[in-house]
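Please read it with the model open.

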Amino acid sequence: MLRTLLMFLAAFVPVAALAQEAPDALVKRVTDEVLAIIKADKDLQAGNSRKIAELAEVKVLPHFDFTRMTRLAVGRNWQQANDAQKAQLVKEFRTMLVRTYSTSLTAYRNQTIEVKPVKMAAADKEVTVRTAVLQQGGPSIPIDYAMEKADSGWKVYDVVIDGASLVTTYRSTFNEQVQKGGIDGLLKTLAERNQAPQPPAAPKK
């Protein structure tokens, strides 16, 4: 499930996000652009690590609130961490998501994404942008993006695929690690995972 979810984090890759742009309009615009880039770039599809890293660092990461995502994923254990540990947790969580996203990106095979209109008031600071991944010969996959309006524009703080939240999925695992070894134990586990060799690119079908 997480493999499919992280593959479509690429849907949020604005070249120049406009603060006044509605979140659903933003998603629609950048989704069309990013999927076209992936479809046209054989290096990305083949798992070129340099290109994938550049795509993530330049276009994806600035539009996610990794601090809030990490805080939600760590849950009540966040309060146990000191400032240095919190900063390290955000760094390791960010690295983990980028690595997962990078290996999942190569699984793209001509799917299309439908972005549904959002009903919101001008004063709303948080919205959910609902999308559906349409696959030939298979059921559509609902992927929803929880977004908040920051000073720099709309940012994603959770992704929900087929009813399963990214941060909630990680929360149970992280809680188990904290129960076993405290915050340092969780950090050690994340660091070891992030230092492990990347799996090979998905074979083309």
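**Notes on the predicted model**

1. Lysine 51 is partly exposed, with a relative accessible area of 23%. The terms are these: buried means under 20% relative accessible area, exposed over 50%, and partly exposed in between, with a 1.4 Å probe and protein chains only. Aspartate 41, at 18% relative accessibility, counts as buried. Aspartate 43, at 35%, counts as partly exposed.

2. On sources: this is a predicted model, in which local features need pLDDT of at least 70 and side-chain atom pairs count only at pLDDT 80 or more, while totals for chains, interfaces and linings use all residues. Residues are numbered from 1 along each chain as its sequence is written, and side-chain values use heavy atoms, with hydrogens and water left out.

3. Which residues does lysine 51 bridge to? Aspartate 41 forms a salt bridge with lysine 51, the closest N and O atoms being 3.2 Å apart. The pair links distant parts of the chain: aspartate 41 sits in the loop between helix 2 (23-40) and helix 3 (42-46), and lysine 51 in helix 4 (residues 49-60), 10 residues apart. Aspartate 43 also forms a salt bridge with lysine 51, again with closest N and O atoms 3.2 Å apart. A salt bridge here is a side-chain nitrogen of Lys or Arg within 4 Å of a carboxyl oxygen of Asp or Glu. Helices (H or I, at least four residues) and strands (E, at least two) are DSSP runs, numbered from the N terminus.

4. The whole structure holds 6 salt bridges. One of them joins the side chains of arginine 130 and aspartate 144 (2.9 Å, N to O). This pair links distant parts of the chain: arginine 130 is in strand 2, aspartate 144 in strand 3 (residues 141-150), 14 residues apart. Arginine 130 is partly exposed at 45% relative accessibility. Aspartate 144 is buried at 14%.

5. Helix 2 has 18 residues, which at 1.5 Å a residue should span 26 Å; its end C-alpha atoms are 26 Å apart, which agrees. The expected span is 1.5 Å times one less than the number of residues. Buried residues of helix 2 include Leu26, Val30, Val34 and Ile38. Seen down the axis of helix 2, its buried residues fall within an arc of 135°, so they line one face. The face turned away from that buried side carries the exposed residues Lys39 and Ala40.

6. Helix 5 (residues 66-74) buries Phe66, Arg68, Met69, Thr70, Ala73 and Val74. Glycine 75 follows helix 5, and its phi is positive, near 70°.

7. Which residues touch the most other members of the largest nonpolar core? Of its 45 residues, they are Met69, Leu89, Phe93, Met147, Tyr170 and Phe174. Helix 7 (residues 166-195) gives the most to this core, with 9 residues. A nonpolar core is a set of buried Ala, Val, Leu, Ile, Met, Phe, Trp, Tyr and Cys residues joined through side-chain atoms within 4.5 Å.

8. Strand 1 (residues 112-115) has a covered face, Ile113 and Val115, and an uncovered one, Thr112 and Glu114. Strand 1 and strand 2 (residues 126-134) run antiparallel, joined by 4 bridges. Strands pair if DSSP finds at least two bridges between them. Glutamate 114 stands opposite alanine 132 in strand 2.

Terms used: Arc of directions from axis to C-beta.
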